Amino acid sequence: MARVGRKPTGPGDSKGSREFFKWIQDRGLTQTKAGELLGYSKETISRYVTGERLPVAEAMYKIEKLADIPMSHWHES
């Protein structure tokens, strides 16, 4: 059976991470599907959600347009 993807395990400390986690959860998405919508790998999405990595400006912009999460929220606790 093919892997479909996995749901995020928990958000990072930034407001952006928490909002992105909630957005993914509220829509019943997996990290894989969220990545497909944004044009990024599931690993990259996981790093953004867990706070392991801060999205680059282009990714923040794409997330803002898709999920209505302001770019500034990635820098807020």
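**Helix packing and ring pairs in a predicted model**

Both Phe20 and Trp23 are buried. The model is predicted.

Reader: How are the rings of Phe20 and Trp23 arranged?
Author: A search of the whole structure finds four aromatic pairs. In the pair Phe20 and Trp23, the ring centres are 6.2 Å apart and the planes stand at 15°. Planes under 30 degrees apart count as stacked, so this pair is stacked.

Reader: What separates Phe20 and Trp23 along helix α1?
Author: The two residues are three residues apart in helix α1. Their separation is therefore about one helical turn.

Reader: How are the rings of Phe20 and Trp74 arranged?
Author: Their centres lie 6.0 Å apart, with the planes at 70°. Planes over 60 degrees apart count as edge-to-face, so the pair is edge-to-face.

Reader: How many residues apart in sequence are the parts that Phe20 and Trp74 tie together?
Author: Phe20 belongs to helix α1. Trp74 is in the segment after α4 (57-67). The pair therefore ties together parts whose distance in sequence is 54 residues.

Reader: Is Trp74 buried or exposed?
Author: The relative accessible area of Trp74 is 3%. Buried means under 20%, so Trp74 is buried.

Reader: Which residues of α3 make the contact with α1?
Author: On the α1 side, the contact is made by Ser17, Phe20, Phe21 and Ile24. On the α3 side, the residues are Ile45, Tyr48 and Val49.

How values were computed:
Residues are numbered from 1 along each chain as its sequence is written. This is a predicted model: local features need pLDDT of at least 70, side-chain atom pairs count only at pLDDT 80 or more; totals for chains, interfaces and linings use all residues. Side-chain values use heavy atoms; hydrogens and water are left out. Contact means heavy atoms within 4.5 Å. Helices (H or I, at least four residues) and strands (E, at least two) are DSSP runs, numbered from the N terminus. Rings of Phe, Tyr and Trp (its six-membered ring) pair if their centres lie within 6.5 Å; planes under 30 degrees apart count as stacked, over 60 as edge-to-face and the rest as tilted. Buried means under 20% relative accessible area, exposed over 50%, partly exposed in between (1.4 Å probe, protein chains only).
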